[in-house]
Amino acid sequence: GRCNVTNARVTADDFNGPRATVRNVLAAFDAEAAARWFAALGVPLKVEPGGKRFPTTDRAATVLDALLARAAALGVAVRPGRRVLDVERAVATATAVAAHATAAADDDGGEGPEGAPGDGYPLIVVHARGRLAARRVILATGGRSLPRTGSDGGGWAIAARLGHAVTPTFPALVPLLLDGAFWHAGLSGVSHPAELTTVADGRAVDRRAGSLLWTHFGISGPVVLDASRHWLAARRSAADVALRCSVLPGLDARGADGWLVDAARRAGGRPVAAVLADAMPERLARALCRHAAVDAATRTAELTRDARRALAGALGGLALPVVGARGWDYAEVTAGGVPLAEVDPRTMASRRAPGLHLVGEMLDVDGRIGGFNFQ
C-alpha cells in the first residue's frame, strides 16, 4: 500500500480511550512531530483530502526502508528467527547470571550487554534460541488484527505475566457482514455518502457520517469501518443492537419525509427513482424503492402518504441486518488491551514492571480510520 502514517490534525477525540491520557501522549509527540521526524529520515509527507498523510512517493516501502536505515545507522541489531516466548523479571541469582551469559554468547556470536541481571538489567527476554538480558524491553507486538503479519495477541500474555491487566479485545475498523437474504450483493461496488447510527437497547450510542461501500458480503468503506467498533462493543453488553443507515446524511426518517415532500413540489412529474438518483447512485435508488415496495416509475407527486413514508423510512432509517464482522483477518486495528492507566503517558513506561514499555495496539486505545492508529 501507500502507508497512511498520520493525519494533518490529531486530537484526543479521534480515539476511543481515556481522553486525558491520550491528550498527554499526543502532547509528548504530536502529528507535526511525527511529520518532522519522517522528513528527517528522508520521507517527506503530503496531505490528502480528509487530512490523511502519506509519503510523497506513494509507496509504503519508502517508510519501511527509512526505518530500517535509521535502525542500521544507530547500530540496532535486527535478529529474525527468534520468536519471543516470554519476558521475565531478572533476579541477581546464579540462574540469572547464567541467563546473561547465554545472552552474551548468542548464536550470532555477537557481544551480549555489559553488566548482569539485577545490575541495571531488570528483564530477560526468552526467545526461541536462548535468553537475552535487557535494560529495557518495548512490547510492540501488536494486537490480533491482520494475523498474517505475525500479530496474534501473544504480547498480552507476556504483559499479564508481568502484572498487567488486559481488557477484553475485539476487532475494530473491520467490514461488517449482512444477512445473506438481504439485497446488498446486488449493489456490490456501489459507494455513496451515508450516516450510520448504532442503537443499543433503544439508545443511540454512536452516530457518524462518511463513505459507505456495498460489497458481496455486506458493507465496508470508511464510515462502516469506524462504526464497526461501536457496533461490536455494543453487542458485547446490550441485549438488542441495531445499525441504521441514512442515505441522506443528516436526515432521519422524518427528515427524509420532508425531503420527499419538497421533491414532489419541485419535480413532482418525474419518476421517484429519477428524483432519488439525483442524490444517490441509481442502483441504490431503485433498490430502496423495491425495499419500500414503491414502484420506481411512480411520479413523485403521486406517491400516497403511506408509500412516501415507507420510502422515507428506507432513506433515513434503513435497518441494516448486521450478523457479524469479517473478523481478525480483515480488521485494521484491535480494540482492548492493557489499560492506559498502567503506563506513564510521557514515556509509555510500565507502572507494573520496571524496564518495560508498552506501545501501539498492546494498549486499550484505538483510533478512527485516517492514520490515527499509526500516530
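A polar contact is a pair of N or O atoms within 3.5 Å; within protein, one must be able to donate a hydrogen and the other to accept it, and residues adjacent in sequence count only if both atoms are side-chain atoms. The model shown in these views is predicted, with local features needing pLDDT of at least 70 and side-chain atom pairs counting only at pLDDT 80 or more, while totals for chains, interfaces and linings use all residues. Residues are numbered from 1 along each chain as its sequence is written, and side-chain values use heavy atoms, with hydrogens and water left out.

**View 1. Aspartate 257 joins arginine 308 through a polar contact.** The two side chains come to 2.7 Å in this contact. Aspartate 257 belongs to helix α7, residues 253-267 (helices are DSSP runs of H or I, at least four residues, and strands are runs of E, at least two, numbered from the N terminus). With a relative accessibility of 16%, aspartate 257 is buried (buried means under 20% relative accessible area, exposed over 50%, partly exposed in between, using a 1.4 Å probe and protein chains only). Leaving aside residues up to four places away in sequence, aspartate 257 touches Arg308, Arg309 and Ala312 (contact means heavy atoms within 4.5 Å).

**View 2. Glycine 317 sits in helix α10.** This helix covers residues 305-317. Glycine 317 has a relative accessible area of 21%, so it counts as partly exposed. Beyond residues up to four places away in sequence, its contacts are Arg244, Cys245, Ala253 and Ala312.

**View 3. Phenylalanine 15 and phenylalanine 372 form one of four aromatic pairs in the structure.** Rings of Phe, Tyr and Trp (its six-membered ring) pair if their centres lie within 6.5 Å; planes under 30 degrees apart count as stacked, over 60 as edge-to-face and the rest as tilted. Here the centres are 6.3 Å apart and the planes stand at 90°, so the pair is edge-to-face. It links distant parts of the chain, with phenylalanine 15 in strand β2 (residues 15-16) and phenylalanine 372 in the segment after β21 (366-367), 357 residues apart. Both phenylalanine 15 and phenylalanine 372 are buried.

**View 4. Tryptophan 37 and phenylalanine 38 make an edge-to-face pair.** Their centres lie 5.3 Å apart, with 65° between the planes. Tryptophan 37 is partly exposed at 37% relative accessible area, whereas phenylalanine 38 is buried at 10%.
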